[in-house]
Structure formats: structure tokens, C-alpha cells
There are 2 protein chains.
Amino acid sequence: MKRGSMNGQKPANIHDVAAHAGVSIKTVSRVLNREPNVTPKTRDRVLDAVQALSYRPNIFARSLASERSFIIGVIFDNPSAGYVAGIQYGALAKCREEGYHLLVEVFSEGEKDLGERVLTLVRESLLHGIIVTPPLSDSPEVLSALKESGTRFVRIAPERAMPDTLEVRIDDAKAAFDMTSHLIGLGHRRIGFIIGHPGHGAANQRFMGYKAALENAGIKLDPKLCVQGYFSYQSGMEAAERLLTLKNRPTAIFASNDDMAAAVLSTAHKHGLRTPEDLSVSGFDDTLIAQVVWPKLTTCRQPIAEMAAQAVSMLAQPPADKDAPKEALLEHELVIRESTAAPNA
Amino acid sequence: MKRGSMNGQKPANIHDVAAHAGVSIKTVSRVLNREPNVTPKTRDRVLDAVQALSYRPNIFARSLASERSFIIGVIFDNPSAGYVAGIQYGALAKCREEGYHLLVEVFSEGEKDLGERVLTLVRESLLHGIIVTPPLSDSPEVLSALKESGTRFVRIAPERAMPDTLEVRIDDAKAAFDMTSHLIGLGHRRIGFIIGHPGHGAANQRFMGYKAALENAGIKLDPKLCVQGYFSYQSGMEAAERLLTLKNRPTAIFASNDDMAAAVLSTAHKHGLRTPEDLSVSGFDDTLIAQVVWPKLTTCRQPIAEMAAQAVSMLAQPPADKDAPKEALLEHELVIRESTAAPNA
DNA sequence: CCGGAGTTTGACAAGGCTGTCATCAAGCGG
DNA sequence: CCGCTTGATGACAGCCTTGTCAAACTCCGG
């Protein structure tokens, strides 16, 4: 009573299937892994047996033997950030397609032993590859641990390029340029800008794009109109407060992400300013929040789900040649909603 | 050159550690698993070796040999739902504490082969246990697949109780009762209610609580004031539209979740109604959105992160005796913010 | 100093799968 | 009909750990 077709509790294993199909376990393995050199007839017999026994390969045995994992990791700094849902959504869809599972882990930028924890994670040989999200995508500790470990990883929206490293991004500078130009096109001259978190790669790029657009339109940059934020709602409130109490306040505010833009909206309300009549507001990311505030936010859609899907694809593919493209650049899209309009005369 | 302290690329394995410490692999295993009957001296030697070689047990080998997994799964219907972040946050924190990893998977209520997919997931013996979130926590297909598979699972906020099944919940009926009573206490008599998605367990409970509070205050239930929603922002807009165009419109609206409450806010704006002067609005869940809209929402805080943490704990503990508590009931909390006030005279 | 109980340790077989290499059958040119 | 190549299949080791069981050692009372 060791093993066998005995339909007891235990799930069938590869030996059961082999016995049932009248072939060797290796042949079953071949069929399951789509290896070449199996007669269609044999293949069918195996497949039937698989069906009949509801066989599913044990993922641990598989991983152990083949020294590869079918689990892809995503690491976040802050699981409450707006883009998390989008990333998971995109990654999950692609994982399913490619036969992987998705494992989530959180690492806080500041925590001690960060590098050590990252190493532990990969040393367990748990992961096939890792998706690194901002701001972790620029964390020296995480990055060097990852490099050292030899695990493949792809960085989402990193600030600094790294040689020989997989990346997925949009052109943040161009996107911010476009958004700023949209506001200028509407007739705004005094456009406030709320800078994103210094640690996040995209933050600086977006600021550059803003500046470039002003320059392009011949508008002189007013440093008073550029205030530091940290991508959080709270920081957006503070930044908006400063901008709106300026002697010569801006007629439009472009916040580096939607959370801060939502904060601007609410601060403007508090000051008795109507949006967009008295103040245009635009955000960035097109997260859920953009559509849920009133008025709906004009923002820049970052195809975050596609970016994550792309990341999974890159990891799923074999390491590829030296010269394979290391970087995927996706398209952004301006989403004009109700929060921006021409300034009052 | 088979194996050994050869500090090549390959990570150290248990044999290396054993050799380095001058003990058998079994002893190393004992130390690592905190099994009894190891001399402190031996333990220290092993621990030193572990340190020296940066050894981390291979999780796949471990799982294969011990027939247990160190991965807990969470399954969602919709990864963009508001509570997802909270659940992951809480679950992740506890997982880390208990030495587990968290794997995310999405199953859509309607998809075909749902049960089959669930079975596949557990047949791979990938998971130690599964956390089932609404509305999956009441999906017959998912539930029966899970029961059949023998994998332990805990349902978050399920509607119907099931025998011999782990559950974590709040008292939704009581919470809705409290919220409704708060509005009544403010002086409201005509209180609209937006019912949640019929598939979600909590939806019905909350509706019951609303009705009970009215009855308790001697207010007759007006069916026109109760409209069906689906927990989505969009459905909230539609429901609000219907309530606000009523001949005798309510002075307060209690939406079954924050997304719908935010939609009410925005619809009210559109109708030129001020909140809370002309219309009080309250939500449920206290998700991010509640603090980000203007005015900030009065809502009922559901300790979602704690619930998830609790779920992980339940799974982490050994199956426990027959009579161990199967259900954890956590406390809710009314959060009074700016969106509710006494009705205009 | 002996027998027995309890503690500490180790040898070795799983566990389910893939990789390597050998084997066997079929196909083909001469 | 022979020898060779190619395609299809199988036997078996190995991946790294834990579980089982036996061996060795310690401690104790008699």
C-alpha cells in the first residue's frame, strides 16, 4: 500500500500517471514540459492519464529538481501606494498566462538589514525573478543585494539607468512636458508644480519635463511656484497650502501624482476656490483616486498594469542574448477631465 | 569537486554547514527547526557555521521533504478593490513574523473552471493555507473546491457561517446599526441607504443593521430610500442619482462602502447640494478614499489589516483541537469626520 | 560496577520531479 | 542485408531537506 492508483486521499504523483499511461515517468515529464520527441499517440495517452487522475505536478519537487522556480516576486516599499493595485493586476494576468505565481513582499526603504533580507529571500531560491517597484527600484541596498545574488530582476520606473539591468518605464519627462504644455495651451502662465518624493526616480524626470515645457513656451521659471512634496496626500496638502497663500498665486497647479493633486483640490475648496474656474489642477498616474474626486482629475495615464505585465514577460523569457533589449519604454497618455480649464480672465 | 566548502557560486547547503560545524546534517536540521535535544554547545557550533556560510535552507527541499509549505495564499476577486491594500498590509506583516511568504492569486467570481483552478492551485501543494476575501468568501464553487482539497482556509468577512471553517469578521450589522443611529442622533429622519453588492456577505448584514436602527428609533422604513448598489463608484453614482431626484429627497445618505459614498458626494456636488449642510453622507470601511475626498467622509473603520493578520495567525497555528475557536470577531469603530452634520432646519 | 531510562547524535531512506545517458526501434544509403 | 543516423523511450541518479529509527552516550539507583 505504498502508492498507486489506490484512489485514497493523496494526490496522484508522476509515478501514478506513468503507471496509468503505461509509460515511464520520464515520458510523463516530457509531455508535461512540452519537450520534443514524443509521439502524438504517447502524448495523448499521458494526457489522458493526467486528466483521469487529476494530476498536478508538485511545484516544490519540480523546482527542486530543475533548479528553477515558478514564482515571481514583487517587492514594494509601501503596499498602500496607489500603483500597487495596478501592478498586481497586470503582473497577475501575465503570470497566469505564463504559468507563474506571484509572491508579494514588502521592504521599507529605511529598515535595517534591508540588503540582508533581500538576500535571504533569494537564497531560499524561492524566486524565479523579482519585480522591483519605486522607490525600491533606485535603492542602492536592494539593488546591490540583487546584483550580488544573481537573481534576475526588472526595475519598474527607475530613475537612474543601470547597465545590464532590465527596466520598464515611460518617458516621465516627456509626459510632464505634455501635461505642462496642455496647461500652457489653456492659457495659464503661472503654473505651480509640486515635486514628487526625492527618492522616487520619476519625480525628478517629471520636474525636468515641467521646466522644459515652460522654457519651450518662453515662460520664465518662478522658483516660488515649485514646492517639494512627497507623493503623499498629506504632503500635497502642505504644498498646496504654500502655493495658494502666495501673494501672486498660480492659476494652475500640476502635482506630480494624483494623491497630491487630490490634496490640492481639497485645499483649494477650503480656500473657497472653485476648480477649475479659479484654479486648474492636474495630477499624474491616473490611479483610482483621479476619477473619484470631484471634479475628476486631469492626469497622465501611466499604463502601470501593462508595465507590470511587460516586466513579467521579460522575466519569463530566457535570459536572452547580450544584446537583447534591456529596456521597455511604454506610452503614456494625457487624460483630460474636468479639473483643468482656461484661467479666469 | 562535487560539493563542499568550495566557495564557488552555489549557495551553501545543509551538508556544507554540517561539514563546517563537524556534525551530521540531521543535527543542523534540528537546530534550524528548533527541535529539542540539542546541546547548547552543538547548537552554537551549527549557528556559527550557518552564519559563516550565509546558509539559508532551500525552501523547496524543505517543503518537499516535510510536506508542508511556507507560503500562504490570498485570493481576491478584484485586486483593485479598496480593501486589498489593507489586507495585504496586515497579512504581510504577520507572515513575516511567522516566517511565511504571501502569494497572491486572482479568481473572478464568474469565470469558468473556477473550482478547477482553485484545485489546481492547491494540488500543486503550493500553499500552507488560503485567505479568502469577499466576495469569494461566499462563493460556493471556491468553497467546495477548498473543502474538497483539504487545504485549510480562512474566510474574511463572510456572509453565511459554515461549520468547521475558520472565519474573521466584524459585526457588520452592529456597525451599520451604530452608523445609522449616529445619523438619527444628528436629527435625520429621512436617511437613504445604498445597499452593497448582493454577492458580498457584509452587504446584507449592513442593510439589516440599518433597518434595525430605524426600527429602534421608531422610524418607518421607506423602501424608496433603499436602493441597490454594487460597491463600485459607478453604481454609487447611479444610486445617488436616484435618491437625490426623489420628490422628497433624504437629508442623509448612508452608503454601504466608501467608494459609493464618494460617488454620492460627487453626485451631490453636481446637483448643487452642499455637504454636509444640505446632505449628510456616510460611508463604510475607512479606506484611503474616505480621507481623500472633500469633505472627508464619516465612515466606519473596519480593522482590515488586523483581520488579515488574524487570518494568518489562525493558519500559522497547528490545526488545533476540535473545540478551538473557529471564528474571530474584531471591533469596528465609528469615524466621524466632516461629511455628516445635523440637517438644515 | 551493572542495568535501565533518558538524552543526544547520526545513517539512511523518503519526498516528486528533472537531467543524463543508455537503449531500442525505425529509416536509409549502399 | 549491413552499418549508421535519428527518433523515441526508459533506468537511474541527484536536487536538498525532513522523518524514522537505531546507536552511542550520560546519569542514576542499587
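**Helices on the four-stranded sheet**

I began with helix α9 (residues 201-216) of chain B, which lies across β6, β7 and β8 of chain B and runs at about 165 degrees to β6(B). A note on words: contact means heavy atoms within 4.5 Å. Helices (H or I, at least four residues) and strands (E, at least two) are DSSP runs, numbered from the N terminus. Axes are lines fitted to C-alpha atoms, for helices over the stretch in contact, and angles run from 0 to 180 degrees between N-to-C directions.

I also noted the ground rules: this is a predicted model, in which local features need pLDDT of at least 70, side-chain atom pairs count only at pLDDT 80 or more, and totals for chains, interfaces and linings use all residues. Residues are numbered from 1 along each chain as its sequence is written, chains are lettered from A and ligands numbered from 1 in the order in which they are written, and side-chain values use heavy atoms, with hydrogens and water left out.

Next I looked at helix α8 (residues 172-186) of chain B, and found it across β6, β8 (252-255) and β9 of chain B, at about 170 degrees to β8(B).

**The sheet itself**

In what order do the four strands of the open sheet in chain B come? I read β7-β6-β8-β9, with parallel pairing. Two strands pair if DSSP finds at least two bridges between them. β7 (226-228) and β9 (280-282) of chain B are at the edges with a single partner strand each, so one side of each has no neighbour in the sheet. The twist from one strand to the next averages 15 degrees.

I then followed one pair: β6 (residues 191-195) of chain B joins β7(B) in the parallel sense over three bridges. There, B:Ile195 has B:Gln228 as its bridge partner in β7(B).

**A sheet across both chains**

I found an open sheet of 12 strands with mixed pairing, in the order β11(A)-β5(A)-β4(A)-β3(A)-β1(A)-β2(A)-β2(B)-β1(B)-β3(B)-β4(B)-β5(B)-β11(B). At its edges stand β11 (327-330) of chain A and β11 (327-330) of chain B, each with a single partner strand, so one side of each is left without a neighbour in the sheet. Neighbouring strands here are turned by 20 degrees against each other on average, direction ignored.

Within this part I checked β4 (residues 153-156) and β5 (residues 166-170) of chain B, which pair in the parallel sense over three bridges. B:Val154 has B:Leu166 as its bridge partner in β5(B). In chain A, helix α7 (residues 140-149) lies across β1 (71-76), β3 (129-132) and β4 (153-156), at about 160 degrees to β4(A).

**Helix pairs in chain A**

How do helix α1 (residues 14-21) and helix α3 (residues 40-53) of chain A cross? Their axes come within 9 Å and cross at roughly 125 degrees. That makes α1(A) oblique to α3(A) (under 35 degrees is roughly parallel, over 145 roughly antiparallel, 65 to 115 roughly perpendicular and the rest oblique). Among the residues that meet are A:Val17 of α1(A) and A:Leu53 of α3(A).

I finished with helix α8 (residues 172-186) and helix α9 (residues 201-216) of chain A, which pack at about 40 degrees with their axes 7 Å apart. That makes α8(A) oblique to α9(A) as well. Their contact includes A:Phe177 of α8(A) and A:Tyr210 of α9(A).
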